[in-house]
Amino acid sequence: MRIISESVIESKVYEAINEAVCKLPEDVKEALKKAYEAEEGTAKYTLENLLKNIRMAEQKMRPVCQDTGAAVFFVDIGEEVFVEGSIKDAINRAVTRGYKDFYLRKSMVKSPIERENTGDNTPAIIHFDFVKGDRITIYFMPKGFGSENKSALCMLTPADGTEGIENFVIETVKKAGSDPCPPIVVGVGIGGTFEKAALLSKRALLRNIGKRHPKPYIAELEVRLLDKINSLGIGPEGFGGRTTALDVFVEECATHIAGLPVAVNILCHVARHVKIEI
């Protein structure tokens with residue numbers, strides 16, 4: 001049994017917040033550079049400016065986008081870990097401190113009806129899971145709502161099959177157009193229940209660009225979807241081009257014999273996320 005204190009969790013999360021909003025993961029930067037090299041005309045010029053913005057944000061440690069997002073966390077807790085205190089409280093305190101100390105935009109409202117701002121970007125959106133081992137792994141994703149608002153979920157029927165899945169994903173991206181600030185990253189969750197499919201689609205976005213699913217039929221679906229999305233011609237920031245999406249990640253789960261839930265969660269080109277291991 002390993003003991004981890006609430007204060008240690010708060011400290012680690014606090015340190016990660018500024019890094020996550022100011023620095024993009026290396027795989028995302030490399031994918032954008034490859035897209036720049038492959039494009040021409042307006043698309044190339046657009047990507048040049050996006051890359052310039054990314055470099056300046058990292059050099060000056062300033063947010064790469066003004067929307068510093070809802071603070072989304074996936075927390076994998078090792079079964080051999082004992083936490084002294086509350087993980088939830090530690091994360092929310094870190095968010096409160098981080099968003100104030102680093103002058104990040106506070107975007108959370110207390111009620112979706114009354115719309116009063118909480119003033120510190122809490123509450124964080126936290127998803128917990130238990131895994132084997134003696135450590136805690138926390139994934140932080142500051143999720144902007146330009147892309148979040150273009151996500152969708154559909155309860156298909158088993159008869160719709162793979163063709164139905166592909167059609168729904170492509171139609172969702174097509175409807176989104178330039179709004180989610182492409183080139184985007186697309187997470188797809190298939191199976192489970194209504195809420196499980198949505199959760200799978202968001203967790204899928206944590207995968208590194210270019211990393212295919214271990215199951216061949218899922219990996220093949222990812223490649224087909226990526227090709228079809230990039231054939232839409234939406235391009236960087238909607239100005240046209242070869243690169244509408246940097247990648248597509250699909251996760252699946254067992255489901256009911258009568259169901260085929262499919263969720264699509266979209267991430268803009270500022271594909272921010274960081275991994276914290278304790």
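Reader: What is the relative accessible area of Val 8?
Author: Val 8 is partly exposed. That class lies between buried (under 20% relative accessible area) and exposed (over 50%), with a 1.4 Å probe and protein chains only. Val 8 is placed there because its relative accessible area is 35%.

Reader: At what pLDDT do side-chain atom pairs count?
Author: Residues are numbered from 1 along each chain as its sequence is written, and side-chain values use heavy atoms, without hydrogens and water. This is a predicted model: totals for chains, interfaces and linings use all residues, local features need pLDDT of at least 70, and side-chain atom pairs count only at pLDDT 80 or more.

Reader: How far apart in space are Val 8 and Glu 84?
Author: Val 8 is found in helix H1. Helices (H or I, at least four residues) and strands (E, at least two) are DSSP runs, numbered from the N terminus. Val 8 and Glu 84 are 76 residues apart in sequence. C-alpha to C-alpha, their separation in space is 9.9 Å.

Reader: At what angle do H1 and H4 pack?
Author: Their axes are 8 Å apart. Axes are lines fitted to C-alpha atoms, for helices over the stretch in contact (heavy atoms within 4.5 Å). Angles run from 0 to 180 degrees between N-to-C directions. For H1 and H4 the angle is about 35 degrees.

Reader: Where does Asn 121 lie, and what is its relative accessibility?
Author: Asn 121 lies in the loop between H4 and strand E4 (125-131). It counts as buried because its relative accessibility is 0%.

Reader: How far from a polar atom of the Asn 121 side chain is the backbone nitrogen of Ser 107?
Author: Asn 121 is in contact with residues including Gly 69, Val 95, Tyr 99 and Ser 107. The backbone oxygen of Gly 69 lies 3.0 Å from a polar atom of the Asn 121 side chain. For the backbone nitrogen of Ser 107, the distance is 2.7 Å.

Reader: What separates the C-alpha atoms of Asn 121 and Ile 209?
Author: The two residues are 88 residues apart along the chain. Their C-alpha atoms are separated by 28 Å.

Reader: Is Thr 243 buried or exposed?
Author: Thr 243 sits in the loop between helix H8 (216-230) and strand E8 (245-255). Beyond four places in sequence, Thr 243 touches Ala 35, Glu 39, Pro 183, Asn 230, Gly 235 and Pro 236. Because its relative accessibility is 10%, Thr 243 counts as buried.

Conventions. A polar contact is a pair of N or O atoms within 3.5 Å; within protein, one must be able to donate a hydrogen and the other to accept it, and residues adjacent in sequence count only if both atoms are side-chain atoms.
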